Amino acid sequence: MKYSFIKPKRKTPITPEVQIVFTFFFITLIMLFLTYAFLLYKDYTFAKDKTNISSQTQHLQVNIKKMQAQIDFIQKQKALSEKVFTKNMVLKDSISNLFDLVPQRITLSRAQLLKNGLILYGITPNKDVYSFMLQAPLRSIFHTSYTSFYPAKNGWLMFVSTNYMDKSQNEELDIEN
Amino acid sequence: MLDKILESLYLKVFVNIVVQRTKTVVYIELRSKKEIIEEETVEFNTTALNNEMYNFIVRYAKESPYYYISIVDCSAFQGALPTCEKNKFSDYKDLSTAQYKCFENKWVFYTSKNDIYELEKKYEDVGLDFIFSPFVILQNFFKDKINGNLAMYVLVQDGFISVSMFENSQLLYAEHLEVLTGDDTDDILLNDEMDENMDLDEGIDLEDIDVEENDIEDLDDFGDIEDLDALEDIDEFSQSKDVEEELQESLDTLPEAEEDESFNEDYQRFTLIQSAVAHFYKDEKYESHFIENVYISDCIGVTSDLKKYLEEEMFFNVYVRQADLAVEVCELAKMELGL
């Protein structure tokens, strides 16, 4: 100051009121920017997660397909096993029934199960016992039945019975199974 | 940088306060960067900051954050000294309780620290930015004359006169004097009369009067008066007249004295100037030269009597310039801000 005894007070349009308003707006802006940055970050992480999840979904879908194929295979295996089990049960029942058919006076030495037939080897005291007690039930089951006899050392007759079913009936049985 | 940009966007408001004897003049100037937008002068019948004045100032101060309130210092203690060297201040005056400022490294103006404090306290509601000394105002008002030959410059305010002698921009002598009101002067006259009566009662003892030889020698110098009658000297006198100022003055005629009060005040001013000149001549501390021209900055409208007294009684060439003190204060405020 060249001419005055005192210095002038500092003049500024930024009064305390204006400072408060500016501070308020500044804080608001900072909060807005922070929110915007937070949202950007969240958006980025969300997009990243989305990509990850999408790739995981694809991966899982592939896995599901594989597993579905495995399930189908296992189900087929199961069905097959059940079929085999049933067949075996049927076979077991058939064999049991077959042996039930055989009377006590006739002794079987060998039985051969064929796909459409049955060959039995055994020994019978005589032809009548065989004809009445074994041939009759066999004929009710099989369509064609041939039996040949030859004498054993003890005077009994050894026999070979060959029994066959018709082809059409055989197919029906397959379908039933 | 930001401050300067903001400053350029706003108007500047200059509030200039001049406190007179019974009233206060407030001059407002609203200024853009280039021109004056608005100016207004209002007088308030108070010497303190009352509500009316406060509201008026605040109304304008609210126009812009860049408002500057200036005031003229009216402290009775103030003055100016013809040196800027601190160690020489004590030769003239004790400035231990004063606040001073050096003007262009040539002379110093001062005032009382207490008066500055009181002034700031008085106007603390609006806040003062500048307090100017009348001597600085005087220097600025007569800056076209002050760098010339020796002359006396007088600033006439309501209630005060500031007398200064300048030669080539260097202050030689300065005095700030109070012009007393009519009632005050009556009191003084009464006191003088009482003193005289007391002296008369005591009588005059001639033996008490010392007639020193030096005084008689001084009287011998009157012989030189003959030289003054020489024609060459008279020519010098006529050459020292300021023709330009006379021309200007002829356009602004001074009012004639109408009332006794103004006569009384002008006479008081004359006596104060006379005593100041006598002090300047007599006091050996001051480098005294013969004063021929007197420039008066008239801020209140002095009558032609003052000029007449100075011309007839003291043989000065007197030039009176009308001035608006508030406007001059505003000019200084602008100069302070570099506008």
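Arg31(B) and Glu29(B) pair up in a salt bridge, with their closest N and O atoms 3.8 Å apart; the term covers a side-chain nitrogen of Lys or Arg within 4 Å of a carboxyl oxygen of Asp or Glu. Over all chains, the structure holds 15 salt bridges. This is a predicted model, where local features need pLDDT of at least 70 and side-chain atom pairs count only at pLDDT 80 or more, while totals for chains, interfaces and linings use all residues. Side-chain values use heavy atoms, without hydrogens and water, residues are numbered from 1 along each chain as its sequence is written, and chains are lettered from A and ligands numbered from 1 in the order in which they are written.

**Around Glu29(B)**
- Glu29(B) also meets Lys334(B) in a salt bridge, at 2.7 Å from N to O.
- That pair links distant parts of the chain, 305 residues apart: Glu29(B) sits in strand β2 (residues 24–31) of chain B and Lys334(B) in helix α14 (residues 325–336) of chain B. Helices (H or I, at least four residues) and strands (E, at least two) are DSSP runs, numbered from the N terminus.
- Glu29(B) is buried at 1% relative accessibility, where buried means under 20% relative accessible area, exposed over 50% and partly exposed in between (1.4 Å probe, protein chains only).
- Lys334(B) is buried too, at 6%, and Arg31(B) counts as buried at 18%.

**Within helix α12**
- Arg269(B) bridges to Asp266(B), with the closest N and O atoms 2.7 Å apart.
- Both residues lie in helix α12 (residues 260–282) of chain B, 3 residues apart, or about one turn of the helix.
- Arg269(B) and Asp266(B) are both buried.
- Shared partners join Arg21(B), Asp158(B), Glu265(B), Asp266(B) and Arg269(B) into one salt-bridge network.
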